[in-house]
Amino acid sequence: MKYEPTKLTKTKEIRTMTKSEEAVMYSEYHPKWSLIRRLILKRDKYCCAWCGAPQYAFIYRTGKNEDWEYAPEGHMVDEMHSFGYKVTKIILTIAHIDHNKDNNRFENLASLCQRCHLNHDRKQHAFNRKYGRNWKRNQTKLDL
Ligand SMILES: [Zn+2]
């Protein structure tokens, strides 16, 4: 029988956004977006509007749903990880509930943690497929 090597799947090209791509991305947002963002964070008391995780808190998830607990104080992400806990630092971002970036009415905006935002935002998934899911992280790595 003739040996056929399995075709190697092409590894995804790691790339960062060009300046013009960034411009396109930001142009989707309201010109006063940074102010709107701050107001929404304040309204939501700097907590995820859905699961309640506070901004910049170190938490770990206790189940497949949105339950979470604070990571023990003084225990770092890597240390907890070695025991099988995935500790996340909460970074709140503003989501458009109806997925329409032109609809910046306050009731259409919500501060969401990473998990809730990903669960919500299917368009973001499409974006990730297009640009690579960690393009920001890759950019940081390349800058080192
Ligand atoms: Zn959340």
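In what order do the strands of the open sheet of three strands run, and is their pairing parallel or antiparallel? The order is β2-β1-β3, and the pairing is antiparallel, where two strands are said to pair if DSSP finds at least two bridges between them.

Before I go on, please keep in mind that this is a predicted model, in which local features need pLDDT of at least 70, side-chain atom pairs count only at pLDDT 80 or more, and totals for chains, interfaces and linings use all residues. Residues are numbered from 1 along each chain as its sequence is written. As for pLDDT, it is the predictor's confidence in each residue, on a scale from 0 to 100. The mean pLDDT of the protein is 78, and 66% of its residues reach 70 or more. Over residues 137-144 the pLDDT stays under 50, and for this stretch the model has five contacts beyond four places in sequence; a contact here means that the C-beta atoms of two residues, placed from the backbone, lie within 7 Å.

The protein has six helices and five strands, and from the N terminus on its elements run α-α-β-β-α-β-β-β-α-α-α. Both kinds of element are DSSP runs numbered from the N terminus, helices being H or I with at least four residues and strands being E with at least two. Among contacts between residues at least 6 apart in sequence, 54% join residues at least 24 apart.

In general, strands of a sheet pair through backbone hydrogen bonds, either parallel or antiparallel. Here β1 and β2 pair in the antiparallel sense over three bridges, and a hairpin through six residues joins β1 to β2. If you look along this pair, you will find Arg-61 opposite Trp-68 in β2 and Ile-59 opposite Tyr-70 in β2.

Next, which strand does β4 pair with, and over how many bridges? β4 pairs with β5 in the antiparallel sense over four bridges, and Thr-93 stands opposite Leu-112 in β5. Both faces of β5 are covered, with Leu-109 and Ser-111 on one side and Ala-110 and Leu-112 on the other, all buried. A residue counts as buried if 20 or more other C-beta atoms lie within 10 Å of its own, as exposed if 12 or fewer do, and as partly exposed in between, with C-beta atoms placed from the backbone. By that count, 10% of the 144 residues of the protein are buried.

This brings us to the largest nonpolar core, which has 14 residues; such a core is a set of buried Ala, Val, Leu, Ile, Met, Phe, Trp, Tyr and Cys residues joined through C-beta atoms within 7 Å. Among those with the most contacts inside this core are Cys-48, Ile-59 and Leu-112. The elements that give two or more residues to the core are β4 and β5, and its largest share, three residues, comes from β5. Leaving aside residues up to four places away in sequence, Cys-48 touches several residues, including Ala-53, Ile-90 and Ser-111.

Finally, a few words on the loops. Lys-45, in the loop between α2 (33-43) and β1 (58-61), has a phi near 55 degrees, a positive value in a residue other than glycine. Is Lys-45 buried or exposed? Lys-45 is exposed, because 11 other C-beta atoms lie within 10 Å. His-99, in the loop between β4 (93-96) and β5 (109-112), likewise is not a glycine but has a positive phi of about 65 degrees, and His-99 is partly exposed, with 13 other C-beta atoms within 10 Å. Met-76 lies in the loop between β2 and α3 (77-81) and counts as exposed, with 11 C-beta neighbours inside 10 Å. Met-76 is 18 residues from Phe-58 in sequence, and the two are 8.8 Å apart in space, C-alpha to C-alpha.
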